[in-house]
Amino acid sequence: MKSTVEKIDQNKVVLEVEVPVDKFEVALNKAYKKVVAKVSIPGFRKGKAPRKILEQFYGPEVLFEDALEIIVPEAYFNAVEEHNVEPVDQPNFDMVQLELGKPLIFKATVAVKPEVVLGEYKGLEYKAEPVEITEEAVQQQLENLQKRHARMAELSADSEAQMGDTVMIDFEGFKDDVPFEGGKGADYQLELGSNTFIPGFEEALVGVKVGEERTLDLTFPEEYHVAELAGQPVKFVTVIKEIKRKEYAPIDDEFAKDVSDFDTLAELTEDIRKNLQTQAEQAKDREIRNSLIDKAVEQVEISIPEAMINERAEQMMQDYGRRLEYQGISLDNFLEMTKQSKESLMANFLPEAENSVKRDLVLQAIAKAENLDVTDEEIDKEIAELAENYRQPADVLRKLLVDNGQLSSLKDGMKADKAIQFLIDNASVQEG
Amino acid sequence: MRSPYDVLLKPVITEKSMDLTADNKYTFIINPDANKIEVKYAVEQLFKVKVLDVWTLNVKGKKKRMGKFVGRTSDRKKAIVKLRDGDKIEIFEGV
């Protein structure tokens with residue numbers, strides 16, 4: 001099998017493959033066996049006609065289609081391997097010579113991974129600013145904790161409701177002294193200031209006392225969803241049954257014991273500070289990585305085959321769909337709700353997909369240029385770590401990965417990580 | 001004597017006749033009035049081969065009915081000729 005490869009574009013190659021007569025003949029014979037079982041020729045039972053008769057009856061072309069299906073993919077993959085081409089798309093085949101008794105010659109045009117010409121990627125600069133956690137941030141966290149652990153306490157009979165309190169009320173709404181639908185409720189827990197009810201309602205209840213009956217004169221907002229009520233003046237008669245106020249525990253050792261596993265406030269504070277510190281450092285780390293990658297990518301001009309971008313966008317859309325499903329919406333429903341077509345949603349992902357593909361390509365190129373490789377031991381270690389995270393035996397996980405063909409993508413991911421590490425190691429730090 | 005083209009009407013191309021070619025025997029539909037001598041001569045003339053033996057047989061047409069109408073297919077006469085070893089007829093031409 002002879003083949004030649006020719007680059008016609010930065011990301012496209014044409015492979016010309018010649019299949020010798022005898023190989024072509026073998027394929028034709030296989031095709032004949034397939035076809036003969038399906039066609040009927042007068043004088044022969046199905047599947048019994050000799051090949052010559054079949055070809056005379058239908059013409060030799062009947063066998064070509066099936067023979068090509070058999071021989072072309074095989075020949076194509078051989079050629080791909082021989083020339084180390086990395087296709088990213090389905091090839092387009094073009095038959096150059098297709099005749100009985102002659103070698104089969106075809107051309108395959110296929111999009112390939114574009115060659116990446118790396119720019120300067122060593123000695124990139126980044127600023128290393130020390131991360132500092134302010135006292136306010138820690139205090140803020142403590143206060144959040146305090147709010148989360150607030151207790152509701154019933155107020156005594158003669159105290160007045162404030163914003164933030166929760167009141168239990170019976171209420172009934174009247175429009176022109178006639179009760180309207182949906183305007184009635186009993187034992188309703190309403191937090192003042194939560195904007196659950198129409199504007200003015202909660203404000204008007206500030207200052208009430210338990211047992212008080214208060215009549216509110218209000219106007220429904222213009223954009224209210226019930227057309228008959230929108231913009232209408234109404235009267236609400238409310239009876240206050242109970243007022244509860246959030247009670248914040250003082251921030252002290254006792255509080256620390258209640259809300260955390262720590263015994264003293266100092267320990268809790270220290271823990272919060274540590275967490276904030278790690279978070280900030282991680283964020284900083286991510287920022288550095290991203291900025292370095294961006295800088296390396298910026299210098300590279302590549303034309304990425306559309307197929308790669310589309311594939312990535314497709315993946316992103318699926319991920320997106322999966323996230324939506326966690327929220328209980330299927331992707332189809334979501335598209336219906338937002339009145340989008342699948343295509344327009346995918347178009348949104350395209351620029352991001354292009355960036356992400358480009359990033360990957362550049363990182364791969366760096367890994368290649370620097371001979372960064374992942375050893376089997378490293379993969380074993382990674383799998384062991386993953387296994388721990390997923391609480392599964394390592395060998396089970398490994399089998400799963402192999403079966404799903406994800407081992408190579410895991411390896412690629414690790415290679416990319418190494419490339420990023422390389423960028424960081426070789427970057428020059430500016431103390432900020 | 002009849003012209004060879006009037007004797008041999010067409011080859012018989014069926015599973016059975018294909019099997020016979022393995023014995024170097026070829027099958028034709030012939031003119032029902034032709035005899036073995038005419039067949040031998042016709043085959044030798046047309047295909048430039050040596051005929052060793054000829055068998056002939058009359059085939060009655062089959063009864064076929066189309067609803068209430070009864071008809072029959074036409075009667076035929078077949079001839080099977082045995083050729084000398086090495087001789088061949090490209091019987092497949094112009095099926």
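1. Let's start with a contact between two helices. In helix 11 of chain A, the residues A:Glu378, A:Ile379, A:Glu382, A:Ile383 and A:Leu386 touch A:Leu407, A:Leu410, A:Lys411, A:Met414 and A:Lys418 of helix 13 of chain A. Sorted by class, this contact of helix 11 with helix 13 of chain A has 6 nonpolar and 4 charged residues, and no polar ones.

2. Now for how those helices sit. Helix 11 of chain A covers residues 376-390 and helix 13 of chain A covers residues 407-425; their axes are 11 Å apart and they pack at an angle of about 105 degrees. Because angles of 65 to 115 degrees count as roughly perpendicular, helix 11 of chain A is described as roughly perpendicular to helix 13 of chain A.

3. Keep in mind that this is a predicted model. Chain A has a mean pLDDT of 79, with 98% of its residues at 70 or more. Which element of chain A has the lowest mean pLDDT, and which the highest? Strand 11 of chain A (residues 428-431) has the lowest, at 68, while helix 1 of chain A (residues 21-36) has the highest, at 87.

4. Stepping back to the whole chain, you can count 13 helices and 11 strands in chain A. If you take the contacts in chain A between residues at least 6 apart in sequence, 66% of them join residues at least 24 apart.

5. Last, burial and surface. Chain A has 432 residues, and 34% of them count as buried.

Methods:
Residues numbered from 1 in each chain as written. Chains lettered and ligands numbered in written order. Predicted model: local features only at pLDDT ≥ 70, side-chain atom pairs only at ≥ 80, totals over all residues. Heavy atoms only, no water. Axes fitted to C-alpha atoms, helices over the stretch in contact; angles between N-to-C directions. Helix = DSSP H or I, 4+ residues; strand = E, 2+ residues; numbered from the N terminus. Parallel < 35°, antiparallel > 145°, perpendicular 65-115°, else oblique. Contact = heavy atoms within 4.5 Å. Nonpolar A, V, L, I, M, F, W, Y, C, P; charged D, E, K, R; others polar. Buried < 20%, exposed > 50% of the residue type's maximum accessible area, 1.4 Å probe, protein only. pLDDT = per-residue confidence, 0-100.
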